[in-house]
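Here is a briefing for a reader who is meeting this structure for the first time. Please look over the sequence and the model before reading on.

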Amino acid sequence: MTNRYSRQELFSFIGQVGQKKIRQKHVLIVGAGALGSSNAEILVRAGIGKLSIVDRDYVDWSNLQRQQLYSEEDVFQHLPKAVAAKQRLEKINRDVLIEAFVQDISSSELLAFQDVDLIIDATDNFETRFLLNDFAVKYEIPWIYGACVGSYGITYTILPHETPCLHCLMEIIPLFGGTTCDTVGIIAPTVTQVVSHQMVEALKILVEDCEALRKELLAFDLWKNEQTKINVKGLKKSTCLTCGLNPTYPYLTKESITKVAVLCGRNTVQIRPAKPKLVNIIEFEKNLAPHVQHLKSNPYLIHFQVNQNQIILFRDGRVLIHGTNDIVEAKKIYYQYFG
Amino acid sequence: MEVPDHVKTIESLLIHLGLQGKIVVVEQNGVILKKEDYSAVVKSTDSIEIVTFVGGG
């Protein structure tokens with residue numbers, strides 16, 4: 001029987017030795033949207049040892065145009081993305097150990113991933129990226145920033161204490177997160193182009209060929225036929241609070257509080273309890289049923305309708321309230337049903 | 001890239017490109033500029049690279 005990795009092993013920079021190294025590696029992907037699904041599929045097909053996927057969302061119709069792991073059936077079932085991704089990935093390669101986490105990632109959750117070999121950024125916001133950056137630098141884990149919007153994509157490979165970190169490059173979290181997929185759209189080729197760059201860097205790291213890494217900050221606009229590379233080595237700062245001489249890891253040490261966040265451009269508010277609390281889905285469903293409309297559930301979440309608002313309760317206690325950007329209104333609904 | 005005559009500095013170039021207030025890295029003739037240097041004059045022969053950070057994924 002032909003070895004399923006034969007073509008990858010024929011590639012001289014990987015070879016059988018590289019393939020064995022890939023097989024021993026554990027990768028964490030944060031976010032299972034467009035970048036996350038595409039990155040995950042490549043890693044699983046490439047035969048890594050273990051993949052951990054963290055995502056806080058569920059599969060929606062608007063995802064199917066570019067989020068390649070998901071199907072219409074996942075939308076009908078309201079499956080969380082991490083769960084749907086795991087199911088699909090296990091069909092692609094059953095030899096890879098895949099862990100799915102349906103949760104919002106904060107510093108306490110990240111601590112479980114200190115032993116990973118690589119982190120792939122597939123999130124959709126800078127807050128999480130600055131947290132990942134602090135974590136990765138503190139525990140000396142390489143990570144690969146990737147982001148896209150419209151036909152524009154950007155990526156950079158961060159090797160703690162060797163390259164500048166995201167904090168060195170950006171200094172602050174942009175106030176409004178810049179433009180997002182939900183306001184100016186996104187086309188699938190932009191996603192796969194960012195993923196191509198992230199994954200070739202990932203393979204280099206997994207086979208331990210760090211000499212071959214790109215080293216520059218790379219950005220492109222596929223529609224405008226533009227590509228830019230900037231050598232940012234000089235932006236590494238000894239005063240950086242994340243990777244400098246006296247690090248305080250400001251984003252990692254923030255206290256965990258009940259967090260209310262407007263999900264940019266999605267007309268949705270997320271409310272997360274200070275500490276994840278495991279919700280008994282069946283009991284909640286029984287109590288809610290007389291009071292709300294269109295109540296449905298699966299093992300991971302309950303969803304129902306209150307007037308204009310679609311409400312999702314996840315098993316970890318998080319609630320998404322669709323149909324509003326108003327934090328006060330969202331909190332009112334939250335406390336009415338979950339307070 | 002052609003730019004209008006009123007674009008004479010990095011700052012005005014960023015405004016022209018709709019990138020004012022965004023977090024960017026600007027390289028002029030191979031040198032990365034600090035924010036306080038965005039008043040630097042832009043010549044038509046300059047090689048300018050600009051990268052904007054975006055958050056989507």
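Predicted model: local features only at pLDDT ≥ 70, side-chain atom pairs only at ≥ 80, totals over all residues.

Chain A contains 12 helices and 14 strands. Its radius of gyration is 20 Å, close to the 20 Å that the globule rule gives for 339 residues, so chain A is as compact as a globular protein of that length.

**Overall form of chain A**

- Taken along its principal axes, the C-alpha trace of chain A spans about 65 × 55 × 40 Å.
- Of the 339 residues in chain A, 45% count as buried.

**Helix α3 against helix α5**

- In chain A, the axes of helix α3 (residues 34-46) and helix α5 (residues 81-92) come within 10 Å and cross at roughly 30 degrees. Because angles under 35 degrees count as roughly parallel, α3(A) is described as roughly parallel to α5(A).
- The crossing of α3(A) and α5(A) is right-handed.
- On the α3(A) side the residues that take part are A:Ser37, A:Ala40, A:Glu41, A:Val44 and A:Arg45, and they meet A:Ala85, A:Leu89 and A:Ile92 in α5(A). Sorted by class, this contact of α3(A) with α5(A) has 5 nonpolar, 1 polar and 2 charged residues.

**Helix α3 against helix α10**

- Helix α3(A) also packs with helix α10 (residues 188-206) of chain A, at an angle of about 40 degrees and with the axes 9 Å apart. The two helices, α3(A) and α10(A), are therefore oblique to each other.
- Where α3(A) passes α10(A), the crossing is right-handed.
- From α3(A), the residues A:Ala34, A:Leu35, A:Ser38, A:Asn39, A:Ile42, A:Leu43 and A:Ala46 meet a set in α10(A) that includes A:Val191, A:Val195, A:Met199 and A:Leu203. By class, the contact of α3(A) with α10(A) has 11 nonpolar and 4 polar residues, and no charged residues.

**Contact between chain A and chain B**

- The contact takes 31 residues from chain A and 12 residues from chain B.
- On the side of chain B that touches chain A, the elements that give two or more residues are β1 (24-28) and β3 (48-52) of chain B.
- The residues on that side of chain B divide into 6 nonpolar, 3 polar and 3 charged.

- A:Lys215, which sits in the loop between α10 and β7 (217-221) of chain A, has a phi near 75 degrees, a positive value in a residue other than glycine. With 18 C-beta neighbours inside 10 Å, A:Lys215 counts as partly exposed.
- A:His294, which lies in strand β11 (residues 293-298) of chain A, has a phi near 50 degrees, again a positive value in a residue other than glycine. A:His294 has 9 C-beta neighbours inside 10 Å, and therefore counts as exposed.

Definitions and conventions. Residues numbered from 1 in each chain as written. Chains lettered and ligands numbered in written order. Axes fitted to C-alpha atoms, helices over the stretch in contact; angles between N-to-C directions. Helix = DSSP H or I, 4+ residues; strand = E, 2+ residues; numbered from the N terminus. Parallel < 35°, antiparallel > 145°, perpendicular 65-115°, else oblique. Left-handed = near helix turned anticlockwise from the far one by under 90°. Contact = placed C-beta atoms within 7 Å. Nonpolar A, V, L, I, M, F, W, Y, C, P; charged D, E, K, R; others polar. Rg over C-alpha atoms; globule rule 2.2 N^0.38 Å. Buried ≥ 20, exposed ≤ 12 C-beta atoms within 10 Å, placed from the backbone.
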